[in-house]
Amino acid sequence: MTHVQSGPTCTQILAWFGADVIKIERPGEGDATRSQLRDIPDVDSLYFTMLNSNKRSVTLNPKTDAGARIFTRLIEECDVLVENYAPGAIDRMGFPWEKIQQINPRMIYASVKGFGPGPYEDCKVYENVAQCTGGAASTTGEVDSLPLVTGAQIGDSGTGMHLVAGILAALFHREKSGRGQRVTCAMQDAVLNLCRVKLRDQQRLARGPLMEYPQFLNGGFSHAVPRAGNASGGGHPGSVVRCKGWETDPDAYIYVIAQAGAFPALARVIGHEDWLNDPEFNTPEARLHKLDYVFSEIEKWTTTMDKMDVMATLNPLNVPNGPILSMKELAEEPALRETGTVVEVEHPERGKYLTVGNPIKLSDSPAEVRRSPLLGEHTDEVLRDVLGLDDKEIHAARREGAI
């Protein structure tokens with residue numbers, strides 16, 4: 001009972017782990033993302049295909065009599081029900097948690113919601129809303145500029161991955177107790193969990209200035225944790241610096257961290273061995289007031305080299321760094337193909353496409369990524385093999401519009 005992104009993210013990971021995931025979709029329509037952001041007319045969009053690998057699709061309308069009976073049978077036979085509809089949607093279908101427990105006491109009923117219990121629990125939430133209400137947007141962006149949402153889907157996909165952990169814990173608990181339970185994960189809660197270092201800094205701010213933030217030297221602090229651009233969120237200064245070709249390549253940059261232990265090697269390689277004996281630069285405390293200058297000198301060196309050459313030079317010196325990799329570079333990276341992090345899949349309607357693979361690698365249980373299902377592709381198969389319906393019952397359900 002999942003759609004769009006947060007729920008499908010959760011169930012896709014479970015499918016990669018080996019679960020038989022049955023995706024319930026509306027007859028004739030299916031998941032809304034099948035038709036959103038299409039790059040090829042009249043075929044399932046990449047939005048859908050990249051979130052629904054390894055699943056079986058069943059079309060079902062639980063609001064019909066036959067559909068309600070089939071849904072009841074699915075609850076009886078399955079282990080986990082996952083949904084991310086608007087608040088109360090499953091209840092309005094006639095299946096509140098209490099009824100689900102009566103049908104199958106071992107059922108684990110897992111939900112993604114926008115907010116937890118409280119004044120906003122009935123509000124509908126999408127990715128950017130979750131980022132804004134969970135603390136990410138207020139702490140992301142350039143100094144003294146607008147709040148920004150990140151390109152990473154921490155609200156939708158992040159919450160879905162949190163829900164996976166809850167489901168697995170509930171399954172393990174069921175092995176001991178014999179009973180299922182309700183699992184919920186609010187998008188606001190998940191984003192805040194991912195922003196915990198900013199909640200840390202909010203408490204530190206009450207006791208004094210945050211020395212690693214640019215505001216420590218430039219303008220001071222207000223009552224809340226500020227946006228800090230690309231300043232490092234840890235105890236070691238870091239910044240994005242330009243590399244060779246930055247004038248024409250928007251991704252010709254690298255992030256360099258001036259970690260205290262590696263600073264002598266960094267100073268030497270950029271031609272500033274003199275800093276090591278200079279009390280103005282040879283301690284982190286002394287450098288704190290000169291970070292803009294330090295990183296401008298680092299940038300003078302990095303602009304003479306390709307970003308990958310900078311990485312190849314700094315890594316043996318144990319200087320933490322990371323080139324800004326574009327989506328094109330990631331899609332073409334051979335190492336990611338070899339590890340199954342990026343996978344090419346064959347689809348019967350759209351041909352070959354790239355998708356993400358399981359980011360969680362298990363030594364004895366490797367995940368084979370299979371294509372997303374066509375709408376209702378497995379309806380008859382599931383009704384027959386899982387629920388034991390015969391052809392006459394399946395035909396009657398289809399005539400009623402239940403499937």
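Which residues point one way from β4, and which the other way? In this predicted model, local features require pLDDT of at least 70 and side-chain atom pairs count only at pLDDT 80 or more, whereas totals for chains, interfaces and linings use all residues. Residues are numbered from 1 along each chain as its sequence is written, and side-chain values use heavy atoms, with hydrogens and water left out.

I108, A110 and V112 point one way from β4, while Y109, S111 and K113 point the other way. In a regular strand, side chains alternate between the two faces of the sheet. Six of the six residues of β4 are buried (under 20% relative accessible area, with exposed meaning over 50% and partly exposed in between; 1.4 Å probe, protein chains only). Strands are DSSP runs of E with at least two residues, and helices are runs of H or I with at least four, numbered from the N terminus.

An open sheet of three strands has the order β3-β4-β5, with parallel pairing; two strands pair if DSSP finds at least two bridges between them. β3 (80-83) and β5 are the edge strands. Four bridges join β3 and β4, and V80 stands opposite I108. Between β4 and β5 there are five bridges; here V112 stands opposite C185 and S111 has T184 as its bridge partner.

A110 is also among the residues with the most contacts inside the largest nonpolar core, which has 27 residues. Such a core is a set of buried Ala, Val, Leu, Ile, Met, Phe, Trp, Tyr and Cys residues joined through side-chain atoms within 4.5 Å. Elements that each supply at least two residues of this core include β4, β5 (182-186) and α7 (156-177).
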